[in-house]
Amino acid sequence: MQLTILGAGSSAGTPAIGCQCDTCTSDDSRNKRTRCSSIITLNTGENILIDTGPDLRLQALREGITNIGAVLYTHTHADHLHGIDDLRGFCQVNRKQIPLYTYKEATEHIKAKFGYTLREPCDFWDLPVLSINEVNVPFDLFGATVTPIPIMHGRIQIFGYRIGNIAYMTDVSAIPESSFALLENLDLLLIDCLRVKEHPTHINIEQSLAYIGQINAKQSVLIHMTHELEYKALTKMLPKNVSVGYDGLKINI
């Protein structure tokens, strides 16, 4: 399978509005970060999207994505959900309903805030045509095993996901001890790394590297970064098997 990072940025994106720091004014395209999201393309050709951030339309156009088979939601904060309406383009082009998967509280939030998107297919495709599925145990999706991974994001429990031997965990403040058994023998780990200083709802560089060492995946990539982290400077700080994620990065497993 192939994983493409659609966005490696935090909720504000990079460049940040009004900022003139070295990262925000950098000419390095790897410092231009849209809101955090990734897509996994299976060897069957099906695309599994993780989160629908507000930059989804631009990300899909940039990567030439025309089909989404399903969406996994980590949680319902705006920078991970509020591009949901852009799914209508994929529904229109392919004339099919897109299933969403997430935990109970997130399904309730989506039903309450974006209920108009949850519809059965008909002759009208000018709105998203989505279904929603509550999950909490491993399930099959296009022949791949998807395992929800409970993680903490501040005071709330959200989901990371394991798809085959890839694990994706954004917006992490802590990983419960019981979740480590779901993270064994990984080929690839994508994990939150907000900034240098500690934060109440996200892990920082030091904490991210500690979790990377504990999980011990073959390869780890940092995501969900603020403009405080400059690509080349951060790269120099990392062990050999850890790299800095950037928009458009493709990794084959």
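**A mixed sheet and its salt bridges**

In this predicted model, seven strands line up as an open sheet with mixed pairing, in the order S7-S8-S9-S10-S11-S12-S13. Strands here (E, at least two residues) and helices (H or I, at least four) are DSSP runs, numbered from the N terminus, and two strands pair if DSSP finds at least two bridges between them. The edges belong to strand S7 (139-141) and strand S13 (242-244); each has a single partner strand, so one side of each has no neighbour in the sheet. From one strand to the next, the twist averages 30°; axes are lines fitted to C-alpha atoms, for helices over the stretch in contact, and angles run from 0 to 180 degrees between N-to-C directions.

Strands of a sheet pair through backbone hydrogen bonds, in either a parallel or an antiparallel way. Strand S9 (residues 156-163) and strand S10 (residues 166-169) run antiparallel and are joined by three bridges. Arg162 sits opposite Ala167 in S10. Helix H5 (residues 205-215) packs on the sheet, where it touches S10, strand S11 (188-192), strand S12 (219-223) and S13; contact means heavy atoms within 4.5 Å. The direction of H5 makes about 155° with that of S11.

Now for the charged side chains. The model has eight salt bridges, each one a side-chain nitrogen of Lys or Arg within 4 Å of a carboxyl oxygen of Asp or Glu. One of them pairs Asp55 with Arg35 (2.6 Å, N to O). Asp55 lies in the loop between strand S3 (47-50) and helix H1 (56-63), and Arg35 in the loop between strand S1 (2-7) and strand S2 (37-41), so this pair ties together parts 20 residues apart in sequence. Asp55 is buried, at 11% relative accessibility (buried means under 20% relative accessible area, exposed over 50%, partly exposed in between, with a 1.4 Å probe and protein chains only).

Lys250 bridges to Glu63, with the closest N and O atoms 2.6 Å apart. Since Lys250 lies in strand S14 (residues 250-252) and Glu63 in helix H1, the pair ties together parts 187 residues apart in sequence. Lys250 is partly exposed, at 43%. Both residues belong to a salt-bridge network that links Arg62, Glu63, Asp247 and Lys250.

Lys104 and Glu108 also meet in a salt bridge (2.6 Å, N to O). Both lie in helix H4 (residues 104-113), four residues apart, about one turn of the helix. Lys104 is partly exposed at 42%, and Glu108 is partly exposed at 42%.

Residues are numbered from 1 along each chain as its sequence is written, and side-chain values use heavy atoms, leaving out hydrogens and water. Local features need pLDDT of at least 70 and side-chain atom pairs count only at pLDDT 80 or more, while totals for chains, interfaces and linings use all residues.
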